[in-house]
Amino acid sequence: VWNLGFIIYAIHRKRQERIYSQQSIMGALEMSRFSGLLPRYSKSPLTVKRKGSGSKGSGSDGEEEMSPAFSHRGTGVEAFTGTSNQETQVISIAFRIWLIRNVDLVKATFECKFRVFLEWLDEAAVGLEKGKKAKELKVPSLAITNAVQAEVLDRSSAPEVVNPATGHVAVQMLFRATLRMDQQVRHFPFDCQWLAVTVSLKEEGCAQNRSFVFQYCEVDEGLSLDEWYLCPDPAFSTLTKQDAPSIQDTVMCGLLIRRASRYYVVNIMLMLGLISSIAFAIYTVNVSLFWERAEVFLGIFPLIVIFKMSAQGKLPRVGYSTKFDRFATACQTLFLVIVMGCMAASFIPKVPTWFRPCNSEGPVVFAGEALLAEVEHICCYVLISMWLAWIVWFTWQARQAQRLDPVENMQSRVPVKLQGRQHAPQGSCEASVEGLAPSLSIVAQEEKKRTKRPSLLVALGIVEDKEKHEKQG
């Protein structure tokens, strides 16, 4: 009774805390609307009626002009920048991911070595010599906003002029960083993760509004991870100032990886299910032999706990249940139901002895032992049927999770898009670097040639090996 009361109290407290947090958030939003702390949401994008009678402005109905954040929603650039007085300088950004290692979901970090290519049009570069290093031009400042620590290994000494007629310039930077990741483990061990590099623009007194345009992301063919499968298409997301946590234009780009779940399924979940199923062997022991049944309890329970804890070290502490948690909880629930049923079956024959008169002599014989054994066998068959049905249902759910698209499986809080094959040349899986400056294009091509291992798509026969065909020709 005390345990049941405590569970009811815990559920009630959790519900009260949820209601209180929702009321606090709504109260803070209402307060900020009237205090001016959130100017973007303090007024509707539609016209707002003034409460007073004397209104300045447009008409007799007392309409108030819209705030600047909403007054220029007609054009994309003006809505993006929030103002029409300044021109927007578009900066093209491209990535080449050279190395990823030490993916740690518990610490939510991974190590990455990557190169960033930037291109933009600068009026000061118009008329300069093609290929010249224009040291007088200012390079856009970047911030790796999800970096725990980062260092620049190599960078262009100055922007390189690509096209003097348009002022097209380019620059590159090579980073090595330890990056944070937004891990989502709801489908563990059938989960997908996004190893993203988050790059934001720094204003630093720039006279122009600047915005990113994503060009491509290229991944080294020799990149591999022990516990993960790499998805062939990199994923990216572009965020405006209003949506990005850094309050700057931001690009997120990186690899989608899917966990190799075979180890957890075969070595942990399968064994955990088999050990829990052994508890049904208790029903082969006579109801009256409680101590023999208790020996089976004491042998099974530690194994269930050990196998559950063996997978907990691979997971971060999150506020929701994963698929593995649900499976382990089902195994523990099955074990406890069997134990409680056997304890109740063992107590029932003792009840007449406990409540017999004090002056009675001789042992009390329980007449319903055969009926009790029959009822227990029926309960055994019902539990076995329910357990097998649940295993089938969980297997179907796990199969559905494995077949999910990586973007859907990941459940990211930002809109994620796959780069796709349309960014690559026809008949190739590699991103094009022809639009880069000549020297930067050479850097990218040389990095491609450093690895001698064949592409995974070539090994699987999805894409033909061009070098092999050239040699045969």
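Predicted model: local features only at pLDDT ≥ 70, side-chain atom pairs only at ≥ 80, totals over all residues.
Helix 7 covers residues 323-347 and helix 9 covers residues 369-403; their axes come within 12 Å and cross at roughly 180°. Helix 7 and helix 9 are therefore roughly antiparallel to each other.

Which residues of helix 7 and helix 9 meet? From helix 7 come Lys-323, Arg-326, Phe-327, Ala-330, Cys-331, Leu-334, Val-337, Ile-338, Cys-342 and Ala-345. Their partners in helix 9 are Leu-372, Glu-376, Leu-383, Trp-387, Trp-390, Ile-391, Phe-394, Gln-397 and Ala-401. Sorted by class, the residues of this contact of helix 7 with helix 9 are 15 nonpolar, one polar and three charged.

Now find helix 5 (residues 262-277) and helix 6 (residues 290-312), which pack with their axes 10 Å apart, at an angle of about 160°. Because of that angle, helix 5 is roughly antiparallel to helix 6. The crossing of helix 5 past helix 6 is left-handed.

On the helix 5 side, the contact is made by Asn-267, Ile-268, Met-271, Leu-272, Ile-275 and Ser-276. Helix 6 brings Ile-300, Leu-303, Ile-304, Phe-307, Ser-310 and Ala-311. How many charged residues does the contact of helix 5 with helix 6 have? There are no charged residues in it, alongside nine nonpolar and three polar ones.

## Cysteines without a bond

How many disulfides does the structure hold? The count is zero. Take Cys-192: the nearest cysteine sulfur belongs to Cys-231 and is 5.6 Å away, and Cys-192 is in no disulfide. Cys-192 counts as buried, because its relative accessibility is 1% and buried means under 20%.

Cys-217 is also worth a look. The reason lies in the cut-off: a disulfide needs two cysteine sulfur atoms within 2.5 Å. With a relative accessibility of 3%, Cys-217 counts as buried.

## A threonine in a strand

Finally, turn to Thr-178, found in strand 8 (residues 168-180). Is Thr-178 buried or exposed? Thr-178 is buried, since its relative accessible area is 16%.

What does Thr-178 touch, leaving out residues up to four places away in sequence? Its contacts are Thr-109, Phe-110 and Glu-111, together with Asn-146, Ala-147, Val-148 and Gln-149.

How values were computed:
Residues numbered from 1 in each chain as written. Heavy atoms only, no water. Axes fitted to C-alpha atoms, helices over the stretch in contact; angles between N-to-C directions. Helix = DSSP H or I, 4+ residues; strand = E, 2+ residues; numbered from the N terminus. Parallel < 35°, antiparallel > 145°, perpendicular 65-115°, else oblique. Left-handed = near helix turned anticlockwise from the far one by under 90°. Contact = heavy atoms within 4.5 Å. Nonpolar A, V, L, I, M, F, W, Y, C, P; charged D, E, K, R; others polar. Buried < 20%, exposed > 50% of the residue type's maximum accessible area, 1.4 Å probe, protein only.
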